[in-house]
Amino acid sequence: MTTDNRKSLDVSPAATRLKIWDMPVRLFHWSIVALIAMAWWSAEQRQLDWHRYIGYTVLTLILFRLLWGCFGSTTARFTHFVSGPKRVIDYFRNDLFARKISAHHGHNPLGGWSVIAMLGAMLLQTLLGLFAVDIDGIESGPLAYLVSFDTGRTAAEIHHLIFNLLLALIALHIVAILFYRFYKNENLVSAMILGSKHWHGEPKPMVHFPPALRAVVLFALSAAAVFVMVKFFGR
Amino acid sequence: MNLSVRRPAVKKIASRIVIASTLLSFGAIAATPEITDAIKSRRANYKEIGGAFKSINDEVKTGSPLIDTIQPLAQEILKRSSMQMNFFPAGSGPESGEKTRAKAAIWAEQDNFRKLHQEFTQAAEQLNSAISSGNVATITSAQKSLGMACKSCHDRYREAD
């Protein structure tokens, strides 16, 4: 993976394409989109076996993303996109409503917090699911045996609430994407598919991409952690 | 001057009438203590049943349930299942104004509700005899049937979460 990714797609001679999202980030993103839809559908259809497997997969991906946020490529790292209030306010005042493509290679200071909110909600959601119990006492999360019926029911109720919170965050996410597309004329979706965006001006920022093997190892570790928890500590 | 004094006074009286009649109408639909008690008892009883059933479930999931653990729990469910029908007096549905997920259909379809409840009690009896047999496969299947009995009634007569 190199940062030099010039392509003939360029709209103007001055514009180049800058690679900002690595393959693991993009795969994570689109897998989560599909998995959230599947999780909702399996719950609606009361296919709780499927729902549990989907939940384990989501948890694996979230754990991987947290690790990738520490050891991944530049734009994937928390240190790169989690900003203090000063930078967020500054972005809100000076950049958000400017009708131009943002000069951020990666999440902007406001978008970074949206990512944190969604990751946090999904992590909380999967953890609650581990302890949730259904009203009929038939279905339960793998760790529900550790808590009382009442606590398990409360976990299930909050699990339900968090899903609605998640829907609200996703709606906000989509509204923001449309706002960037039509107000700021920046296509965030194509960047999340192709991995690169139009970049004007020099110098190009340095974006470091670690070897793919590191992502594979971190993903395997995440999957192993979830597997051990469910297989050896779950019922 | 007269007017300016009178108007607020009229307003005051009018608002008092509104408040008083609102309170009265609430009084009229408020549940009697018996109804409130019945709703409380049935919630508490169902919670005990749910808790006992969950504990059995937790054991069965291990693949080798401890008979000494699940036997008293299954007896508890059977005992409580037979009490449960006493806690559904007429007027203890959503119209009571109390916090309850019981649907009005319970009273509109009393025969079917009683039938489903009967099946629940039978499933609890079967679980007890399965546990006495000590056969894990029999216990597992009886435990599933009891869960399905809960579900069939909940699906129709309990307001979804």
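A salt bridge here is a side-chain nitrogen of Lys or Arg within 4 Å of a carboxyl oxygen of Asp or Glu. Keep that rule at hand for this tour of a predicted model, in which local features need pLDDT of at least 70, side-chain atom pairs count only at pLDDT 80 or more, and totals for chains, interfaces and linings use all residues. To find your way, residues are numbered from 1 along each chain as its sequence is written, chains are lettered from A in the order in which they are written, and side-chain values use heavy atoms, with hydrogens and water left out.

**Stop 1: a salt bridge within a helix of chain A**

Select A:Arg52 and A:Asp49. These two form a salt bridge whose closest N and O atoms are 2.9 Å apart. Both residues sit in helix H2 of chain A, three residues apart, about one turn of the helix; helices are DSSP runs of H or I with at least four residues, and strands are runs of E with at least two, numbered from the N terminus. A:Arg52 has a relative accessible area of 19% and is therefore buried (buried means under 20% relative accessible area, exposed over 50%, partly exposed in between, with a 1.4 Å probe and protein chains only).

**Stop 2: a helical pair in chain B**

Now move to B:Glu76 and B:Lys79, a salt bridge with its closest N and O atoms 4.0 Å apart. The two residues lie three apart in helix H3 (residues 67–84) of chain B, so about one helical turn separates them. B:Glu76 is partly exposed at 26% relative accessible area, and B:Lys79 is partly exposed at 48%.

**Stop 3: across the interface**

Show both chains together. Over all chains, the structure holds twelve salt bridges, and two are counted between chain B and chain A. For one of the pairs, select A:Arg46 and B:Asp155, where the closest N and O atoms are 2.8 Å apart. A:Arg46 is in the loop between H1 and helix H2 (48–71) of chain A, while B:Asp155 is in helix H6 of chain B. A:Arg46 is partly exposed, with a relative accessible area of 44%, and B:Asp155 is partly exposed at 39%.

Next, colour the whole interface. Here 18 residues of chain B are in contact with 17 residues of chain A (contact means heavy atoms within 4.5 Å). The two chains bury about 1,500 Å² between them, 51% of it on carbon and sulfur atoms; buried area is the accessible area (1.4 Å probe) that two parts lose on being put together, summed over both. In chain B, pick out B:Lys54, B:Lys61 and B:Asp161, which lose the most area to chain A, together 36% of what that side buries.

**Stop 4: a nonpolar patch on chain A**

Finally, select A:Trp30, A:Val33, A:Val189, A:Ile193 and A:Leu194, which make a nonpolar surface patch of about 420 Å². Patch residues have over 30% relative accessible area and no salt bridge; like charges are joined within 9 Å, and nonpolar side chains (Val, Leu, Ile, Met, Phe, Trp, Tyr) within 5 Å. Which helix gives the most to the nonpolar patch? H7(A) does, with three residues. Helix H1 (23–44) and helix H7 (188–194) of chain A each supply at least two. End on A:Trp30, which is placed in helix H1 of chain A and is partly exposed at 36% relative accessibility.

Key:
Accessible areas come from the Shrake-Rupley method with a 1.4 Å probe; for residues, only the protein chains shown count as cover.
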